[in-house]
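Hi everyone, thanks for coming.

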Amino acid sequence: RLQRGPAFGTKASESGGGSDWPVFKHDNMRSNHIDTDIPAKVSVQWKKNIGGKLTPPVIADGRVFLQAKDKCTLYCLDATSGEVKWKFITDGPVDSPPSFDKGRLFFGTSAGTVCALTADDGKLIWRFRAAPADVRLMAFNRLESPWPVNGSVLIVDNKVYCLAGRAMHLDSGLYLSVLDADSGKVLQESHLRPNTNVKGELAGPMLPDILVSDGKMIQMRNMAFSVDDISRRTALKTVAGVKSNGGG
C-alpha cells in the first residue's frame, strides 16, 4: 500500500514565517484567521489564469499551492510573480488544497490515496493507499474509489492523519490512518463502523469531514480522537450547537 517516490529522503526545509497560510483555513483549528497588517491602499500584483475549478490556495515559503479539481493537477506558483514553478498530476480529483509542513506538501485524493511531495520541485516522496482496496466506481462522471480521502489532510507533530470513506454505514465504513510524515509508514489504523448489534439497526452512523485539531485531540464532526491513540474516541454531545447523533 505504500509507494516511495524518487524524492524519498530529500531533506525538508523548515516551514515559512508567521505571514504564511500553510493549510486549509490557515491552521489545524481551521480558524480562518491571521494577525497581519493590511495597507490602506491595496492593488492587484498579478493575475494568473489557470482554468478549471480551483481549490482555495495555501501559501508558504513564498509560493502559492492550489489544486485544479477537474484537471487532477496540483500547481505551485511564485507568490511574487504568479509564475507557475511546477505542477503535479494526481491519481484522482482533489477537493481541497494541500497541507504544507516543513518543506513538504501532503494531500489526499478521490482515488483513496495520500501523497507527500517536496514543495520545492513537486517530486513524489511517498504515496499511501488509505482505502482498504484498490477498486473504482463511477461518481460525478468520474472513476474514483469508494473510499476517497479529503484533500486537506491533518499534520500534527510530524504525523499525517487521514480519513478514507464516504460514511460509516457505506462500503464497509470509514478508515482512519496515522502515517509517519517522513516515510509514509503506517503508525496506527482504526476502522469506523456503525453498531448493528441491536436489532440490526444502524446506531451512530457518521459522515466524514475535514479533521480539526488543537494538538491534543482530533475532531471530526461530533467525534473526538486522541492524537496519541486514535482508538480512544469520544462522541461529543454538541458541536457548535448541533446535537450529537450518538456515534461511538
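So, to start us off: is Thr118 buried or exposed? Keep in mind that this is a predicted model. Thr118 has a relative accessible area of 7%, and buried means under 20%, so Thr118 counts as buried. You'll find Thr118 in strand E8. Its side chain also makes a polar contact, at 2.3 Å, with the side chain of Asp121.

Now let's stay with strand E8 and talk about the core. The largest nonpolar core has 18 residues, and the ones touching the most other members are Phe106, Val114, Trp126, Val153 and Val160. Which elements give two or more residues to this core? Those are strand E8 (113-118), strand E9 (124-129), strand E13 (159-164) and strand E14 (174-180).

Let's zoom in on Val114. If we skip its neighbours within four places in sequence, Val114 is in contact with a whole list of residues, including Trp126, Val153 and Val160. Also on that list are Phe107, Gly108, Cys162 and Leu179. And there's a second, separate core, this one of 17 residues, with Leu154, Met168, Met223 and Ile230 among them.

The largest pocket holds about 580 Å³ of space. Of the 28 residues lining it, Pro93, Asp95, Ser110, Glu144 and Pro148 are the closest to its centre. Which strand gives the most to that lining? It's E13, with 3 residues. By class, the lining of the largest pocket splits into 14 nonpolar, 6 polar and 8 charged residues.

The second largest pocket comes in at about 460 Å³. Its lining has 7 nonpolar, 4 polar and 1 charged residues. Among the residues lining this pocket are Trp21, Ile34, Asp37, Trp46 and Thr80.

Where is His33? It lies in the loop between strand E1 (2-4) and strand E2 (58-60). Along the sequence, His33 and Trp21 are 12 residues apart, and their C-alpha atoms are 9.3 Å apart in space. Even so, leaving out neighbours within four places in sequence, His33 is in contact with Trp21, as well as His26 and Asp27.

That's my tour, so over to you for questions!

Definitions and conventions:
Residues are numbered from 1 along each chain as its sequence is written. This is a predicted model: local features need pLDDT of at least 70, side-chain atom pairs count only at pLDDT 80 or more; totals for chains, interfaces and linings use all residues. Side-chain values use heavy atoms; hydrogens and water are left out. A nonpolar core is a set of buried Ala, Val, Leu, Ile, Met, Phe, Trp, Tyr and Cys residues joined through side-chain atoms within 4.5 Å. Buried means under 20% relative accessible area, exposed over 50%, partly exposed in between (1.4 Å probe, protein chains only). Helices (H or I, at least four residues) and strands (E, at least two) are DSSP runs, numbered from the N terminus. Contact means heavy atoms within 4.5 Å. On a 1 Å grid over the protein atoms alone, a cavity is a set of points where a 1.4 Å probe fits but cannot get out, and a pocket is an open set with protein on both sides within 12 Å along at least five of seven lines; lining residues have an atom within 4 Å of a point. Grid points are joined across faces, edges and corners, and a volume is the space filled by probe spheres set on the points. Ala, Val, Leu, Ile, Met, Phe, Trp, Tyr, Cys and Pro count as nonpolar, Asp, Glu, Lys and Arg as charged, and the others, Gly among them, as polar. A polar contact is a pair of N or O atoms within 3.5 Å; within protein, one must be able to donate a hydrogen and the other to accept it, and residues adjacent in sequence count only if both atoms are side-chain atoms.
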